[in-house]
Amino acid sequence: MKNFPLQINLPVSILREGKRFVAYTTALDLSTSGANYKEVTARFHEAVEIFFQEILHKGTLEEVLRNLGWEKIRTGWMPPVVIAHESQSIRMSLKK
């Protein structure tokens, strides 16, 4: 089996949900959780590696990345760029 070295920069949001930490990237629509920051970071790296191993093994790398909004640039791939990560106040009137 041939190795494909890959270095990518992914936008990652790390959230605290109760006593757990959640790492999420919009670039892969992928998330994982952990008991603390160190654990969630390690699990996130592992989840990303498994994600890429699977799509490479299935032969769907290009299809999956294009569907997620990635662009092929020369011999590499560029994930979608996060323009903002912010909280917005939304006012709405819901009817029951």
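Which residues does Leu10 touch, not counting residues up to four places away in sequence? I looked this up in a predicted model. Leu10 touches Thr25, Ala27, Leu28, Phe44, Val48 and Trp70.

**Entry 1: the core**

I next looked up the largest nonpolar core and found 16 residues in it. Leu10 is listed with Leu28, Val48, Phe52, Leu65 and Trp70 as having the most contacts inside this core. I then asked where the core residues come from. Helix 1 gives the largest share, 7 residues. I noted as background that nonpolar side chains tend to be buried together in soluble globular proteins.

**Entry 2: helix 1, length and faces**

I checked the length of helix 1 against its residue count. With 22 residues at 1.5 Å a residue, helix 1 should span 32 Å, and its end C-alpha atoms are 31 Å apart, which agrees.

I then listed the buried residues of helix 1: Val40, Phe44, Ala47, Val48, Phe51, Phe52 and Ile55. Looking down the axis of helix 1, I find these buried residues within an arc of 125°, so they line one face of the helix. As a reminder to myself, an α-helix has 3.6 residues a turn, so residues three or four places apart point the same way. On the other side of helix 1, I found Lys38, His45, Glu49 and His57 exposed.

What do the buried residues of helix 1 pack against? I found strand 1 (13–17), strand 2, strand 3 (30–34) and helix 2 (61–67) as their partners.

**Entry 3: the ends of helix 1**

At the N-terminal end I found a cap on helix 1, supplied by Asn36. A side-chain oxygen of Asn36 lies 3.2 Å from the backbone nitrogen of Lys38. Past the other end, I looked at Gly59, which comes just after helix 1 and takes a positive phi of about 75°.

**Entry 4: salt bridges**

How many salt bridges are there? I count 3.

One of them joins Arg43 to Glu39, with the closest N and O atoms 3.7 Å apart. Both residues sit in helix 1, and being 4 residues apart they are separated by about one helical turn. Arg43 is partly exposed at a relative accessible area of 36%, and Glu39 is partly exposed at 28%.

Another salt bridge pairs Glu62 with Arg66, where the closest N and O atoms are 3.3 Å apart. Glu62 counts as partly exposed at 37% relative accessibility. Arg66, at 42%, also counts as partly exposed.

Glu62 has a further salt bridge, with the side chain of Lys72, at 3.8 Å from N to O. Glu62 lies in helix 2 and Lys72 in strand 4 (residues 71–73), so this pair ties together parts that are 10 residues apart in sequence. Lys72 is partly exposed, with a relative accessible area of 40%.

Definitions and conventions. Residues numbered from 1 in each chain as written. Predicted model: local features only at pLDDT ≥ 70, side-chain atom pairs only at ≥ 80, totals over all residues. Heavy atoms only, no water. Core = buried A, V, L, I, M, F, W, Y, C linked by side-chain atoms within 4.5 Å. Buried < 20%, exposed > 50% of the residue type's maximum accessible area, 1.4 Å probe, protein only. Helix = DSSP H or I, 4+ residues; strand = E, 2+ residues; numbered from the N terminus. Contact = heavy atoms within 4.5 Å. Expected span 1.5 Å × (residues − 1). Arc of directions from axis to C-beta. Polar contact = N/O pair within 3.5 Å; in protein donor to acceptor, adjacent residues only side chain to side chain. Salt bridge = Lys/Arg side-chain N within 4 Å of Asp/Glu carboxyl O.
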